[in-house]
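Please read each numbered point with the sequence and the model in view.

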Amino acid sequence: MWSRKSALLGSLAVSMYLMGLTLRNSQLVTVAVVIFVFLTYAALFSGHADVAASGRRMDEWMGEEGVALSNVSAMRKLSTARVFEDGEVEITLRMQNHSALPKILEVRDRVPEVMRIKQGANYILMELGPRRETFIEYTVECPLRGFYSVGPVAVRVQDTFGMFHKEKELHVYDDFLVFPKMEDLKDTFVKSKVPKIFTGAVNIRQPGPGSEFYSLREYFDGDSFRSINWNAYARSGKLMVNERERDAVSDIILIVDSRAIAETGPVSRNALVYSTRAAASLARFFLSRRDSVGLIVYGDEVVSVDRDTGKKQLYVILTKLAGAMARGNTPLQVVVNRILPHINRGSPIIVMSNLEQDPTIVNALRDFRARNFDVTVLSPSSLEFEFDARRIDRTGFEVMKTERDILISELRGMGVNIMDWEPDMLLSTALAGARGF
Amino acid sequence: MAAAPPPMARKQSRSDTSHLYDGKVVRSAAPSRKKAAGKMKSGTEVPDDAVPEVHIPGFIEALLGGPVVPKHKFLPADRMVQTLQLGAYAMLISLGVITWIVTPPQGTFWFWIFGSVGGATLLQSMVILSATGTGFWGTMSRDPRWLLASYFLFILAAMRFASSKVALSNDWFDLQQNPWLETALIVIYAVLLVMYFELTNGVIRFSMLDTSIRTNEVYVMNVKRIISKYHRSLMINPAIAGALAASVLSINTIIPAVVNLFSSETAVRMEESVELISVYGVAMGSLFVFLMVGLMFAVNLPLRMQKWRENRNT
């Protein structure tokens, strides 16, 4: 390909040549000749021959990249295929020159736009000797969850004066997964009102809300007065409370709203980002408590992960959360109608949604409550994200905020534990707020 | 039995509830929201910064695929760039002097306008001086706009209606008595002009590269070998271009020499022919050269050469 420099020089040479003939000025013609020679020399010895636009025979056609790049190959290795948000991936690119000629190559390994180069560089200018190889190492930081692909490798060769160049894309791709970041939750105050009953129930041996006595401990601020063991107080003179063994394993259902509206706000601060992080944190917390956790992500379709326990289930859930795309506008009622027959009555349900543009929300949550499900709604406020990003003005914000407050009050009136989750609030704080603590 | 309240608490008035908040963090709203709300206007117009800045390229930019003159901010020049700058200064001085010699005021636009040699000489000298000055400033400040102005002025100085024969403004070395030296001077002038274009362009290119390296945007392996290749090209390319240009300018000698093999009388007539000595002879020479080059490309010589070089010793 001609560069802008060569195109300009070529045009200048043609004009000077013609002007020289018109003005009978041999100096102009001589300058034009020298420029032409420069261009021809660069085209001849720059490692390609694209100036010969015609006359190329089909059997000699080496593809778009020309001869110079046909002997260059690339391979890539990633340090990990799975990483959490804000984690780092080390990438090693191996470039090989199979030809007998040394080459000056410009190599750019394409990384997704949201990634940040932490160390090293993905854009390299190198002189690669004949039949040599080299390793390029760099580290990327992954700030946002998702499925990502590194590649292709764009290679460019050009003459020393930068007049002609040829490019080739080496289609080497490597995929990796960025899981949503997780927050450490100490206690979520979420419990099942109806213990899950199945044969061979797991003996949990953990303190928590339940009916069986587990142990006695000192009273701390915030403990319920009903749990004070007055006999122990009389004996020891210190306030003591009864701890109970946590009831059998619960089914926890996490519902994540990934409709198109959930991505309203900046890329790194929107309802979907917060919802996926919350769902990941809650899944880890409940699974570590040996509860069984199911996940439903709804956007343009309803994607569900069936309830299960264990570490494997956590990775299944994290993978689904990493791939959650803001698309479609499936109403919550559709989700409720679909899952209601399949979940145990009384199971805690945690919905993460910004509650916007869904007229079925009130009815859907009423259906849950009518069947005595313990419903918690964490609602990251898209309004706050938009307002913080200064995309809506104050009047509009106040009006919409009032509408949102009315909706939240209505849901609260139905017995839904709901929290208007502000952007700077920790998940544990939001959960505590939702449960009224 | 409940303990009696401390005396301090009794003294507090009933309306003072600050003690309820001791040791607690009270949140009313996200700090950023409050801060933003204080700054926001109450109007409903879309804030300026909410609209992303989109640069719409003009016609020329769209044609060229980018800005005509890129406005880069470079870091201080490194050794390589400084060397190129020194080379460009040397080239500029030589080019200024030779341009002044090979472009006499006769035949220039200002000679045609003023009709006097004095005024035309003054203006021609000023154009060449300005070309040199802007070139100096452009190279020193690494600003392509000044360099473009310098290129334009040098070309403007060469734009003159010349007679068939080469004329010199000052023939200090009695070159007009020796046509070979005269031809050499014109070739040197042409090569210097093109080398000046290339060197100053190199200053900008390598400044960009150096800035990219130092800001970690690009990593360069084997910098010395890349630079040495560039230096080598700076030697070889002008030598070849000069030799070819000299052969083009010597067409009035080469063609009669070839014809002399068949007919000496015709060869003598050709040597004295005005057409071959004039610019049309040069044009014919260049036509021959480029027919040869065209032939090389037509038989796919570059591709064949490249394939041969690539697969050598395999």
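1. The secondary structure of chain B comes to 14 helices and 1 strand, and that of chain A to 10 helices and 19 strands. Helices (H or I, at least four residues) and strands (E, at least two) are DSSP runs, numbered from the N terminus. This is a predicted model, in which local features need pLDDT of at least 70 and side-chain atom pairs count only at pLDDT 80 or more, while totals for chains, interfaces and linings use all residues. Residues are numbered from 1 along each chain as its sequence is written, chains are lettered from A and ligands numbered from 1 in the order in which they are written, and side-chain values use heavy atoms, with hydrogens and water left out.

2. Of the 314 residues in chain B, 38% are buried; of the 437 residues in chain A, 55% are buried. Buried means under 20% relative accessible area, exposed over 50%, and partly exposed in between (1.4 Å probe, protein chains only). Contact means heavy atoms within 4.5 Å. Among contacts in chain B with a separation of 6 or more, residues 24 or more positions apart account for 70%. In chain A, 73% of the contacts between residues at least 6 apart in sequence join residues at least 24 apart.

3. One open sheet draws on both chains: its 5 strands follow the order β10(A)-β9(A)-β4(A)-β6(A)-β1(B), with mixed pairing. Two strands pair if DSSP finds at least two bridges between them. The edges are β10 (165–170) of chain A and β1 (219–220) of chain B; each has a single partner strand, so one side of each is left without a neighbour in the sheet. Helix α9 (residues 223–249) of chain B packs on this sheet and touches β4 (103–109) and β6 (123–128) of chain A together with β1 of chain B. Axes are lines fitted to C-alpha atoms, for helices over the stretch in contact, and angles run from 0 to 180 degrees between N-to-C directions.

4. Within that sheet, strand β9 (residues 153–158) of chain A runs antiparallel to β10(A), joined by 6 bridges. Ala154(A) has Glu169(A) as its bridge partner in β10(A), and Val157(A) stands opposite Lys166(A). The two strands β9(A) and β10(A) form a hairpin with 6 residues between them, and Gly162(A) in the turn has a positive phi of about 70°. β9(A) also pairs with β4(A), in the antiparallel sense over 5 bridges; here Val155(A) is the bridge partner of Val107(A).

5. A further open sheet has 3 strands in the order β2-β11-β8 (chain A), again with mixed pairing. Its edge strands, β2 (82–84) and β8 (146–150) of chain A, each pair on one side only. Neighbouring strands of this sheet are turned by 30° against each other on average, direction ignored. Strand β11 (residues 174–179) of chain A runs antiparallel to β8(A), with 5 bridges between them; Gly146(A) has Val178(A) as its bridge partner in β11(A). Helix α5 (residues 311–322) of chain A packs on the sheet, touching β2, β8 and β11 of chain A, and its direction makes about 105° with that of β11(A).

6. How do α10 and α11 of chain B cross? The axes of helix α10 (residues 251–259) and helix α11 (residues 264–271) of chain B come within 8 Å and cross at roughly 170°. That makes α10(B) roughly antiparallel to α11(B), a term for angles over 145 degrees. Asn252(B), Ile255(B), Pro256(B) and Val259(B) in α10(B) meet Thr266(B), Ala267(B), Met270(B) and Glu271(B) in α11(B). The buried residues of α10(B) are Ile251(B), Ile255(B) and Pro256(B). Seen down the axis of α10(B), they fall within an arc of 120° and so line one face of the helix; the arc is that of the directions from the helix axis to the C-beta atoms.

7. Thr276(A), in helix α4 (residues 271–288) of chain A, is buried at 0% relative accessibility. Leaving aside its neighbours within four places in sequence, Thr276(A) is in contact with Arg145(A), Pro180(A), Leu321(A) and Ala324(A). Arg345(A) lies in the loop between α6 (332–339) and β17 (348–352) of chain A and is exposed, with a relative accessible area of 58%. The C-alpha atoms of Arg345(A) and Phe373(A), 28 residues apart along the chain, are separated by 6.3 Å.

Technical notes
Angles under 35 degrees count as roughly parallel, over 145 as roughly antiparallel, 65 to 115 as roughly perpendicular and the rest as oblique.
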